[in-house]
Amino acid sequence: MPGRDEQDDSFSGLAVGGQDLEAYGTPPRRGGASLTRSAANVLDADEVQGVLSGAFYSPATRDQQPPRPGGQKLPKPSHYKVICISLYTKDLEALDAAVDELKTRGITKASRSALIRVALEQLDLDRVPRGM
């Protein structure tokens, strides 16, 4: 065993994922610490290669993404669409206050979109002001 100021550069006998550690070359040292047996036993050869190649951090292309269960793409829903609308902050505060009031009354599924849908069902176009 090397002394305190000496470092043992021999990694013989250490294995990574069933392969000899020397197949990966000399590991870089961080802070002067040497690789220990316990650290080498934790590493898996495939994980090491994946991280070193950058595949772990790079986004997968469509061809590389795992298939969905059933092996086919799910159809996009046609009964609703996600949209973006703008509201004045006062209108948004009133909408949120109405949602909160409905929830305190026990209507647990109350949400902004649900309340807007209910308002649309009750809308009387004849009562809409001309200047909106």
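A residue counts as exposed when its relative accessible area is over 50%, and as buried when that value is under 20%. Keep those two cut-offs handy for this tour of a predicted model.

**Stop 1: the whole chain.** Show the protein chain as a cartoon and follow it from the N terminus: the elements run β-β-α-α-α-α. That gives you four helices and two strands. The chain exposes about 12300 Å², and carbon and sulfur atoms supply 54% of that. Of the 132 residues here, buried ones make up 9%. As for contacts between residues at least 6 apart in sequence, 33% of them join residues at least 24 apart.

**Stop 2: helix α3.** Select residues 89-104, which make up helix α3.

**Stop 3: a nonpolar patch.** Select Ile83, Ile85, Leu87, Ile116, Leu120, Leu123, Leu125, Val128 and Met132, and show their side chains. Together they form a nonpolar patch on the surface, with about 950 Å² of accessible area.

**Stop 4: methionine 132.** Stay with one member of that patch, Met132. You'll find methionine 132 in the segment after α4, the helix covering 112-121. Is methionine 132 buried or exposed? Its relative accessible area is 80%, and the cut-off for exposed is over 50%, so methionine 132 is exposed.

Conventions. Residues numbered from 1 in each chain as written. Predicted model: local features only at pLDDT ≥ 70, side-chain atom pairs only at ≥ 80, totals over all residues. Heavy atoms only, no water. Patch = residues over 30% accessible without salt bridge, like charges linked within 9 Å, V, L, I, M, F, W, Y side chains within 5 Å. Areas by Shrake-Rupley, 256 points an atom, 1.4 Å probe, with all protein chains shown as cover. Salt bridge = Lys/Arg side-chain N within 4 Å of Asp/Glu carboxyl O. Buried < 20%, exposed > 50% of the residue type's maximum accessible area, 1.4 Å probe, protein only. Expected span 1.5 Å × (residues − 1). Contact = heavy atoms within 4.5 Å.
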